[in-house]
Structures are given as structure tokens and as C-alpha cells.
Amino acid sequence: MCSSVAPRLWFLTDRRIREDYPQQEILRALKAKCCEEELDFRALVMDEVVLTIEDGNLGENELRLGMC
């Protein structure tokens, strides 16, 4: 994380992002670009992704899930 007041970018993916070389490079490049642009980069790694977006916010359970 580059800044605690920066806008946040969520990147949702499966476990291959940490295991396969091409995906690792994509993750590295995204983190670097977010740092350059002063965005708070968050990666959420799951096998199955189910999410709710309300009023442009990623779900209501962010604090309860410990993702903040």
C-alpha cells in the first residue's frame, strides 16, 4: 500500500495469480502501476468469487471480513 488516503483498486482473481509465471508478472505490474498512480491496490484471491456491489461500493461486509 502506498498511501492510507489513496483511492482503492480491488483486483479479484483465483490462486493462479500467485502460482503461474505470466500471472505473477501481471500482478507485479498492476501493483507497480497502482503505486505510481497513488492507488491503494488490494488483491482478493479466491477459487470462487461471489460479491455484491451497492452504490459503487464492494459489499457491506468489508470490515467484518477483515479486508480493510
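This is a predicted model: local features need pLDDT of at least 70, side-chain atom pairs count only at pLDDT 80 or more; totals for chains, interfaces and linings use all residues.
Here is a short tour of this chain, from its overall layout down to one strand residue.

Residues are numbered from 1 along each chain as its sequence is written, and side-chain values use heavy atoms, leaving out hydrogens and water.

The chain holds two helices and four strands (DSSP runs numbered from the N terminus: helices are H or I with at least four residues, strands are E with at least two). Reading from the N terminus, the order is β-α-α-β-β-β.

Some whole-chain values:

| Item | Value |
|---|---|
| Buried residues | 15% of the 68 residues |
| Accessible surface | about 5400 Å² |
| Carbon and sulfur part of that surface | 51% |
| Contacts joining residues at least 24 apart, among those at least 6 apart in sequence | 67% |

Buried means under 20% relative accessible area, with exposed over 50% and partly exposed in between (1.4 Å probe, protein chains only). Contact means heavy atoms within 4.5 Å. Accessible areas come from the Shrake-Rupley method with a 1.4 Å probe, and for residues only the protein chains shown count as cover.

Helix α2 covers residues 21–36, 16 residues in total. From first C-alpha to last it reaches 23 Å, close to the 22 Å expected (1.5 Å times one less than its number of residues). Just after α2, E38 takes a positive phi of about 60°.

Over in strand β1 (residues 8–13) sits T13. T13 counts as buried because its relative accessibility is 15%. Setting aside neighbours within four places in sequence, T13 touches L44, V45 and M46.
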